[in-house]
Amino acid sequence: MSKKILIVDDSALMRRVMCDIINSDGTFQVTDTCCDGLEAYEKLKTTRYDGVVLDVNMPRMDGLQLLEQLQKDRIRATVIMVSTTTTKDADVTIRAMERGAVDFVTKPTNVIEAKGEEFKKQLLDVLSAVCATQSYNRERRIAPQTKAVSAPAGTAKPVATAGHAIKSGSKIVALACSTGGPKALQSVIPYLPKNLDAPMVLVQHMPAGFTKSMADRLDEVSPIHVKEAEDGDVLMKGTVYIAPGGKHMEVKRQPDGSHRIRLNDMPAIGGLKPCANITYDSLRDCGYDQVVCVVLTGMGADGTKGIVSLARKKPVYVIAQDAASCVVYGMPKAVAEAGVVDEVVPLNDVAKSIIKNVGVK
């Protein structure tokens, strides 16, 4: 049976284009369209959809107002935002994910882009990944896990992997996430203390323009300091450095023993820029005694190759988000199947696990 999708956009042209894109995939069927949030609110009060594609700027009730109303009335909906990369829309989109949207796709700036392959692929990929994880969890009735898991059969941890947290020595946290990540990070970063005894480097797959808004918003609501990483930043404990959209981020050890952020403009890796594998690879030569790797919700397998390679060179402790709390169970599943995961935890316990393994200063 096709997944039922609701489209909410004030542009008749965009509604038509998105209908054509979504209906071109037999997995989905657009069963309703609305021209603003108020009309969508009335639909959502009585009808359950597998996915809602929601515009940001609309008359009468915009996307953010709709999400706030749904949250207030406890109406559950799987919402994907469609947003431009303007600073204003990026800020609204980040706030939308705080209010329940699971992810976003970048809105085309013209008709040619709207009918192009890039937007089609982006929209269908996100819908497919989100709906696949929903089905995965329903079929298996997966419950959140809190205990460490062993490697799947036939896999073994690389020799350098400690398999348990090092109780002393310098550490760095390296976190990777993708689809569903901006929302998931709201359940992790604000729960980290300002005196966390390690710096954190964070790769979230996002276009340029959104990572600055996300970093600023997380900094507002978190005890720990959060910033969009800049080239040359010296890594400091109690600070989270978010890779800028459109740049790869590496950690480079300096002659004096300190570590600096280096951004580079190499081509996208598998369509990803930033790419978590590049960040993990750069940590192979770091001076930290242990790297605490964290993998949250996301499509694909970015991070797995980098962590496996890193684990052959440095002691690592790997924390993966569990399937039940993932918007998309892709990246955490890939790293678990690679046999390098030490602990699988529900999203709400990720911060607690980081603190347990890193400590406070």
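H6 gives the most to the lining of the second largest pocket, with seven residues. Before we go on, note that this is a predicted model, where local features need pLDDT of at least 70, side-chain atom pairs count only at pLDDT 80 or more, and totals for chains, interfaces and linings use all residues. Residues are numbered from 1 along each chain as its sequence is written, and side-chain values use heavy atoms, with hydrogens and water left out.

**Second largest pocket**
- About 950 Å³ of space lies here (a pocket is an open set of points on a 1 Å grid over the protein atoms alone, where a 1.4 Å probe fits, with protein on both sides within 12 Å along at least five of seven lines; the volume is the space filled by probe spheres set on the points, which are joined across faces, edges and corners).
- Its lining has 32 residues, and Thr106, Glu118, Gln122, Pro207 and Gly271 are the closest to the centre (lining residues have an atom within 4 Å of a point).
- Strand E5 (103-106) and H6 are the elements that give two or more residues to this lining (DSSP runs numbered from the N terminus: helices are H or I, at least four residues, and strands E, at least two).
- By class, this lining divides into ten nonpolar, 13 polar and nine charged residues (Ala, Val, Leu, Ile, Met, Phe, Trp, Tyr, Cys and Pro are nonpolar, Asp, Glu, Lys and Arg charged, and the others, Gly among them, polar).

**Largest pocket**
- The largest pocket has a volume of about 1,100 Å³.
- Arg76, Ala77, Thr78, Val102 and Lys183 are the closest to its centre among 37 lining residues.
- Helices H3 (63-72), H4 (87-98), H6 (117-140) and H7 (181-185) each give two or more residues to the lining, and H6 has the largest share, five residues.
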